[in-house]
Every structure is written in structure tokens, then in C-alpha cells.
Amino acid sequence: MKAVQILEYGEDVVEINPNAEMPSLSSGKLLIKVNAAGVNPFDWKVTLGYVSQGKTLSSPMTIGGDFAGTVSDVGEGVDRYRRGDPVYGSGIVLSGGSGAFAEYLITGEHLLSEKPKKANDIEAAALPLVGVSALDVISNKMNLKKGQKILIHGGSGGIGSMAIQIAKYLGAYVATTGRKGKADYLKALGANEIIDYRNEKFEERLSDFDAVFDTVGGDTYERSFQVLKKGGMIVSMLEQPDKELMEKYGVNALGQFTKINSEDLKKLAELYDQGIITINIDRTFPLDKAGDALKYQRESSVTGKVVIEMD
Ligand SMILES: NC(=O)c1ccc[n+]([C@@H]2O[C@H](COP(=O)([O-])OP(=O)(O)OC[C@H]3O[C@@H](n4cnc5c(N)ncnc54)[C@H](OP(=O)(O)O)[C@@H]3O)[C@@H](O)[C@H]2O)c1
């Protein structure tokens, strides 16, 4: 089968292997025919070795996590799914999958769910990591309530665009940071207030917020403490809690580590089928151009998601 692999970490290391070994099925796992695979910043961070913890690769690794596809075979003990079922989820190697940028993948039953009925394969493949991240942070970690005020950074990105829609659905007031040219898109997602982060300092405009959802990190994370009210909460996709800033501003801080799971994927599919969330597909690439897809996700100002479509 065809798969997108790396043999070493670095720039431009992605190779298309037309004769990759078919992953072998074991108990509790499913073999999936991949129809589309979502591209996340994590995928290019893997190729650059940012998450390798100093280890070198001992064999070719198929990259990619998010997918939408069809069940091709099931291992022992899997009784909820049958051949031909449309599913979506994660097949990332780090969680025991075989990698999603491939014609077939193997993954655990706990890492997938039934595909949203109203989503096509491209839309469904765009959802898992960004959707589960936004859902987990806003509903579980922040427990955001009706009438509360939240600042969501990077509103036109994958996680940001999901987070705006979920926060609005819960009845929150949403401010978001984004480029000037994305204002119409951000309004359509439901944002009440948009701050053009390249021309304005959000901390000079906003105050007394209940929550900040940081999908950017660095200086943006540090400045965000200023907009929170006492007892407020900041959750970051990139930074670990800064104790000094927490004490200085009297707020709570959490660092998020998203674990894709079938329960959250099921909730996400329900939100999608009820029309509560949508996903904008910025651009699709064929599997043979996976390297270009990673470069585009990393270097362009993507609105929503980039997805790899199988032949
Ligand atoms: N910890 C975890 O478990 C976990 C899980 C998933 C993702 N992540 C990380 O979370 C981050 C976001 O993921 P994503 O999928 O949403 O990425 P994404 O789709 O690339 O979105 C990032 C957004 O940030 C915006 N942005 C860049 N600089 C900004 C600034 N200074 N102020 C405001 N917005 C800014 C970008 O907009 P423009 O380019 O248009 O300016 C873009 O829309 C990534 O670094 C990813 O690796 C972590």
C-alpha cells in the first residue's frame, strides 16, 4: 500500500512509499481503509523531531493521526463495528496506531467513533484533534457557563474555530484574536468581538474575562493573564502553567494535553449532525503531495483545516 513515511527527523524528509507494509491486525484493533486524513501542526512537529525526546527512528514511521474511513476488518474482541462501517478518529503512531497518511491504517477501538452522518469524509477527517481539544478544554477543563466571557486566541485556526462555536453554543460571550481579513469568517462562527492581533493589543481592550483559551503560546500566553478576572482560568494548548503569573493575577492555569477518545468523538459527531459546529476546509491535497500539505499548514495563514484526500 501507499504510505507517507519518514526515515529521519528534519526538513523535507517526508517520503511517499508505494510499497509500504500493510499494518497487521491484533486484538482490540481495527483495520481501516482511509478515505481522508486531516493535517495538524502536530504532524509537521513530528517530522521535525520536536516530539522525539532525543530518540532516533529505528524504522520508517508513517505520519498522520486524524482520519475518516471505512472499517475493512476487525480484530478479536471488537464487536461494535463491522466491515463497511464509516468511522473517524485517530490512527497516530504515538497512541498505538499505524499512521493516518496511508491507504490503510490500524487503530484501537477507543480511538474512533461512528463518522458524523452529515459530514463527508474530508470534513470528518478535519475534526478529531481540533474538535476533541476544544470540547475537552471548554466543557471539561473550564466548565464554561452561559453568560461567561471567554477570549479565544487564534480563532480562525483549527482549534480556535471549533472553540468559538462550542463556547457560543454554551451561551458564552466570545472575544477572539485573528487577522483583519478573517473578520467575516470569525463573525460567521459567532464571535462577538474580534481583535486584529497584528494591529491591536488584546490586553488593552479586554478585562474581567472568566476564561482564556490559548492556542498560540509564548508572549500571547503571558499577556493573556491581564484580561482575566480574579478566579478566572487560562488553558493553553502549548504552555505549562506559570506559577508566578497565577499568583500575581489570582487566576488558575492549566496546560492541555489532548487524548482523543471515542466518547468525545461521539459527542463531537452529535454536535456536527445537529448543525452546532461546522468546519471550514481551507485546502485539500492528494496523498502524493503530503509534504506540500504539511508545508502549507505550517507556513500559510490557514482558515480552518487542511486535509489529505485519498485517490
Ligand atoms: N497540547 C495538545 O494536546 C495539543 C493538541 C492539538 C494542538 N496543539 C497545538 O495547538 C496549537 C494550535 O493548533 P491548531 O490546530 O489550532 O493550529 P492552526 O490551525 O495552525 O491555528 C493556529 C492559529 O493561530 C493563529 N495565530 C498565529 N499567531 C497568532 C497570534 N500572535 N495571535 C493570535 N492568533 C495567532 C493563526 O492565525 P493566522 O496564521 O491567520 O495569523 C492560526 O489561525 C498548535 O501549536 C498545535 O501544535 C496542542
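The questions below concern a predicted model.

Q: What makes strand E3 (residues 29-39) largely enclosed by the rest of the structure?
A: A residue is buried if 20 or more other C-beta atoms lie within 10 Å of its own. Ten of the eleven residues of E3 are buried, so the strand is largely enclosed by the rest of the structure.

Q: How do you know that E3 and strand E5 (residues 66-74) pair?
A: Pairing requires at least two bridges between the strands. E3 and E5 have seven bridges, in the antiparallel sense, and therefore they count as paired. One of the positions concerned is Lys33, whose bridge partner in E5 is Thr70.

Q: Which bridges join E3 to strand E7 (residues 104-108), and which join E3 to strand E16 (residues 305-309)?
A: E3 runs antiparallel to E7 and is joined to it by five bridges; Leu31 has Ile106 as its bridge partner in E7. Four bridges join E3 to E16, again with an antiparallel course, and Ala37 stands opposite Ile308 there.

Q: Why are strand E2 (15-17) and strand E4 (61-62) called edge strands?
A: The open sheet concerned has three strands in the order E2-E1-E4, with antiparallel pairing. E2 and E4 each pair on one side only, and they are its edge strands.

Q: How do you know that strand E1 (residues 3-6) and E4 pair?
A: Two bridges join these antiparallel strands.

Q: Why is the ligand shell said to lie between domain 1 and domain 2?
A: Domain 1 (3-127 + 279-309) and domain 2 (130-255) both give residues to the shell, so it lies between them. The centres of the two domains, taken over C-alpha atoms, are 28 Å apart. Their contact takes eight residues from domain 1 and nine residues from domain 2.

Q: What makes up the shell around the ligand by class, and which residues come nearest?
A: The shell has eleven nonpolar, 14 polar and two charged residues. Of the 27 residues around the ligand, Gly154, Gly157, Gly158, Met237 and Ser301 come nearest. At least two shell residues come from each of helix H1 (41-47), helix H3 (128-141) and helix H4 (158-169).

Note on methods: Residues are numbered from 1 along each chain as its sequence is written. This is a predicted model: local features need pLDDT of at least 70, side-chain atom pairs count only at pLDDT 80 or more; totals for chains, interfaces and linings use all residues. Domain bounds come from an automatic or database domain assignment. Two residues are in contact if their C-beta atoms, placed from the backbone, lie within 7 Å. A residue is near a molecule or strand if its C-beta atom, placed from the backbone, lies within 6 Å of it. Ala, Val, Leu, Ile, Met, Phe, Trp, Tyr, Cys and Pro count as nonpolar, Asp, Glu, Lys and Arg as charged, and the others, Gly among them, as polar. A residue is buried if 20 or more other C-beta atoms lie within 10 Å of its own, exposed if 12 or fewer, and partly exposed in between; C-beta atoms are placed from the backbone.
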